[in-house]
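Subject: Structure for you to look at

Hello,

Here is the structure I said I would pass on.

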Amino acid sequence: MEKKSTNQTPDIAIPPSDLGTLDDIEIVYYPDEVLRQPAATVKDMGDSLRATIDRMVFLMRHARGIGLAAPQVGILERFFVVQVDNDPVYVFINPSIVGTSHETGVYEEGCLSIPGLYADVKRPSEIQVQAWNENGRPFTLNADGMLARVILHELDHLNGVLFLDHLSDRKREKLLQKYRKPEDSTR
Ligand SMILES: [Zn+2]
């Protein structure tokens, strides 16, 4: 997920020489079909997955995002990374929502795969999510506010769902009239 505010300071500085590490991973943009496919359960939580997760965290920060799901880099597996402001990075592998509040909230969302478009989306205010972390350890997390919203947004990606799908047809069509798919990727 992308945060609209432009006054957020990136929490790491990226030396130009490090940009080369992004060469083998890049963001897939709407309307790429991979964003519409349901992702498969992760079966091997080993070193290769951890390396991919590291690169995704790097890419998410580089793109000034606060969440990035595997399908957004063309990997159809059920995991995503989240970092809201100065919170720690959370890694969610094979996540499931085990509880949601009746209370909902509305907030303007964006998406790294749909640059330039933002819209209000209604979601549950609080959730309980169960997942495995990058070390293969299961955990349960209670989240609210922005963290809950990002988790729900990223979890949607694992099911081929985009924030646009939460809008009325009319609103979505109007919004998409403004959309231009980027020519180049992350550079
Ligand atoms: Zn997104």
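This is a predicted model. I started from the largest nonpolar core, which has 39 residues. Leu 68, Phe 80, Val 81, Val 82, Phe 92 and Ile 151 are the members that touch the most others in it. Two or more residues each come from helix H1, strands S1, S2 and S3, strand S6 (126-132) and helix H2 (145-158). H2 supplies the largest share, seven residues.

Leaving out residues up to four places away in sequence, Val 82 is in contact with Ile 66, Gly 67, Tyr 90, Val 150, Ile 151 and Glu 154.

Next, H1. This helix covers residues 47-62, 16 residues in total. From first C-alpha to last it reaches 23 Å, close to the 22 Å expected at 1.5 Å a residue. Its buried residues are Leu 49, Ile 53, Met 56, Leu 59 and Met 60. Why do they lie on the same side of H1? They do so because they cover an arc of only 125° around the axis. As background, an α-helix has 3.6 residues a turn, so residues three or four places apart point the same way.

The cover over the buried residues of H1 includes strand S1 (67-69), strand S2 (79-82) and strand S3 (90-100). On the face turned away from the buried side, H1 carries the exposed residues Asp 47 and Ala 51. Just after H1, Arg 64 has a positive phi of about 60°.

Regards

Notes:
Residues numbered from 1 in each chain as written. Predicted model: local features only at pLDDT ≥ 70, side-chain atom pairs only at ≥ 80, totals over all residues. Helix = DSSP H or I, 4+ residues; strand = E, 2+ residues; numbered from the N terminus. Expected span 1.5 Å × (residues − 1). Buried ≥ 20, exposed ≤ 12 C-beta atoms within 10 Å, placed from the backbone. Arc of directions from axis to C-beta. Contact = placed C-beta atoms within 7 Å. Core = buried A, V, L, I, M, F, W, Y, C linked by C-beta atoms within 7 Å.
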